[in-house]
Amino acid sequence: MALLQEVTSTFLRRFKAPPASLHRIWASQCRHASTEAVAQETDELEESSFLQGEGPAQQAIERFDPAGVAKRRNRRLPPSRYQFRSPRYYRGPLHPHQPPRPSEPSSREFAPGPFSLPRLEQTYHDTLASDYMVLAYAHLPPGQTAFKKGERLRRWEGDSPYFKNRPLRGPRGGDTLRLLRKPVTFRNVPQLQRVTVHTMSSDAINSGAALHVSGMVLQAITNVRAEAHEVKKSVAGFGVRAGMYLSLTCELKGEDMYHFLSKLVDVVMPKMKDWPGVKGSSGDFSGNIALGLKAEEVALFPEVEVNYDMYPPKLIPGCHIMIHTTATTDQDARLLLTQIGIPFFGKLVH
Amino acid sequence: MNAGQKSARRIAASNGPISRDTVCFSCLHRLTHPSRRNASTAAALAETPSAPTQQPRHPNPPVTTAKAPRKAYQLLASPVLSRPPLLTRDLTSFEKAYYLYQKRLNERLALPFTRYFYYKKGTPGDAEWKRKIKVRETPARDIGVYAAYGDEGWNDEVLVGDRTAERESVVEALVRDAEGKAIIDEEVVGDENKNGLAVAGDAKTGEGQRRDLTKVEVERPVERVTEADRANDMRSLSRKMDRTLYLLVKNREGRWRFPQDRVYGRENLHQAAERILVQGFGIDMNTWIVGNHPIGHHQMNYTSGGAPAPRLAKITPNRLVSTSRDRAEYEQEEYGEKVFFMKGRMMTGQADIAKNEYGDSEFRWLVKEEVEEVVTGGYWKSVKDILAER
């Protein structure tokens, strides 16, 4: 009976207006332009025993020794109690055994996460991004309206009545529209997205060892397992048949990408002999820049240089490095890469 | 705000009695206390009956022509010269613990280390490797002693208060590894007479022992906290290497400001900023002005007792601006100052206050919080959003 009264009173309380004292709390929580600087992080959190409560006693901390307890135990523990494998197949949302998230260590798809905060990533966010925003700003004087691009998909113009709701035509001279360049704002600064390292060895036509060596070199440089690719079409001139595995690629994202680019710019590029820089015409008009390294330049990577003798002679491959950015034009991508430290030479083609 | 009230009222009316589950706290308070009236609500109520038939506003309205005679303002350029952070920031305790745990999990999932791919059999490098791996049980050098595939592989989490993830421990482990020592000091086999450095009776135990024949000198990493940090030398560029430092000067009025000067002749802001750095601090600074346009501005009107008090300024040609010499010295009545801040980056060099031509007494390289402390309130409001947090 008392419980029912409690429930009813709680339910009814929700329909009453909040008491006047709460208004003061609400008003004080409102942030105006004149509010003081943000309080410490822990002050904004709810009160909880984790923050306010005391931890375990010092004696308890000193006595805690799970490894020691395990060593002193004579009997074996039943494996069924301590071994767990997450379900192999997803049986639907109502099944009692749900697979854990891929970020959980117990998941089958768990890949150990970031191991460090890369220096290049920090430099980008602290220094390069704000400089980029300043450089890419285009001022619009007051009274002028921004230039509006004309219709990209062309209408059908003419006498025929059937032109009215006909689907619009594509651009002149081709099928695909070029990427639109959005103005660079603080939300829109071009960033490094991913890096693809690719190598193809024609020695692999005759010997399988060449492909294995290329794979090991790529793995050593990039910290990512290389994927092999089949040849799609047979070309007799090159002596190549469809289905042969001749090329490898590695996709680098996040931490691996930043570490690879740091190594490339700070260690490998300064050691390259007579290297003028990346060609100015490099770029796919969508903000992705590619460069190539020769075999002797790949050998300059510290991971390859450390055990250079272990690789069979002349089997260390050269590679193509494609840097994908979130920029939509070549100039934007080149500006970002110049900030990172990659030099360009020759005529810049947009 | 008008629209918000209307829609909240609509929701409240349609769902029956007003409850905290249908309407948010602040709207609920406003609806239950309708007696509170101020000028804005009166104006809003007056507006709502008529249908809005205003013309759409110009997105970029032009500057309206002034009806009164034009007022002149002192036009100033001010380079905000910054030394970007040279070091990465310190990791938080959570990040350190997280990275250590992820590294240990990686040990449990990665394939075993292929020793013979890196060390040839029988070489001294191989012997050194075998000796070291015996102690630390894992190829990784920064995760402490941990055997991922051993009996204690389950014990991958470190206990509270463990210092394995701290920067000092990692540096110590790497330096010891480079010197050829094991990660932790092992017990030395030997007898008392020869101070424990002799080889044991049987050859096998003595085989793995390391003898200090030549001491390997390994260069330790330089400290993150420099002399300038300890002495809190505010003129040094080596202070607070993980933060952005900004160059401020104490002008002849005794106020701390970014270096600033009038724009002369036909020079633009970018050129003025470069000239100010040279005239203020000498030519021993390797700097770069980012972009040709300002990143912020500050306006100060000359007033006395609330009323505008224009000042008569004498403008003399500047020796470094050739176009300023086109016009002889002239006078101008100025109603205030308009300062435009230009972003500058410092690469190498140092400021030399002895070469200053503006009468500035001293300079300092300050972090954002320190700038707030020395600068006046109005100036800080104009400047705080153009300074970097780190």
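1. In chain A, 5 strands form an open sheet in the order β2-β3-β1-β6-β5, and the pairing is antiparallel; strands here are DSSP runs of E with at least two residues and helices are runs of H or I with at least four residues, both numbered from the N terminus, and two strands pair if DSSP finds at least two bridges between them. The edge strands, each of which pairs on one side only, are β2 (227-230) and β5 (288-293) of chain A. Neighbouring strands of this sheet are turned by 25° against each other on average, with direction ignored.

2. This is a predicted model, in which local features need pLDDT of at least 70 and side-chain atom pairs count only at pLDDT 80 or more, whereas totals for chains, interfaces and linings use all residues. Residues are numbered from 1 along each chain as its sequence is written, chains are lettered from A and ligands numbered from 1 in the order in which they are written, and side-chain values use heavy atoms, with hydrogens and water left out.

3. Within the sheet of chain A, strand β1 (residues 192-200) and strand β6 (residues 319-325) pair in the antiparallel sense over 6 bridges, and A:Val197 stands opposite A:Ile321 in β6(A).

4. Helix α10 (residues 255-271) of chain A packs on this sheet, touching β1, β3 (245-253), β5 and β6 of chain A, and its direction makes about 65° with that of β1(A). Contact means heavy atoms within 4.5 Å, and the axes are lines fitted to C-alpha atoms, for helices over the stretch in contact, with angles running from 0 to 180 degrees between N-to-C directions. Helix α13 (residues 330-340) of chain A lies across β1, β5 and β6 of chain A and runs at about 55° to β5(A).

5. The side chains of A:Arg119 and A:Asp266 meet in a salt bridge at 2.6 Å, N to O, the term meaning a side-chain nitrogen of Lys or Arg within 4 Å of a carboxyl oxygen of Asp or Glu. Because A:Arg119 lies in helix α8 of chain A and A:Asp266 in helix α10 of chain A, the pair ties together parts that are 147 residues apart in sequence. Over all chains, the structure holds 38 salt bridges.

6. In chain B, strand β10 (residues 330-349) pairs with strand β1 (residues 72-83) in the parallel sense over 10 bridges, and the bridge partner of B:Leu75 in β10(B) is B:Lys338. Strand β6 (residues 296-301) of chain B is joined to β10(B) by 6 bridges and runs antiparallel to it, with B:His298 having B:Val339 as its bridge partner. Strand β5 (residues 285-289) of chain B also runs antiparallel to β10(B), over 5 bridges, and B:Trp288 stands opposite B:Arg345.

7. The contact between the chains takes 43 residues from chain A and 47 residues from chain B. The area buried between chain A and chain B is about 4000 Å², of which carbon and sulfur atoms give 64%; buried area is the accessible area (1.4 Å probe) that two parts lose on being put together, summed over both.

8. Between chain A and chain B the count is 4 salt bridges, and B:Lys343 forms a salt bridge with A:Asp131, the closest N and O atoms being 2.8 Å apart. The elements that give two or more residues to the side of chain A that touches chain B are α2 (20-29), α6 (66-72) and α8 (119-135) of chain A, and α8(A) gives the most, with 8 residues.
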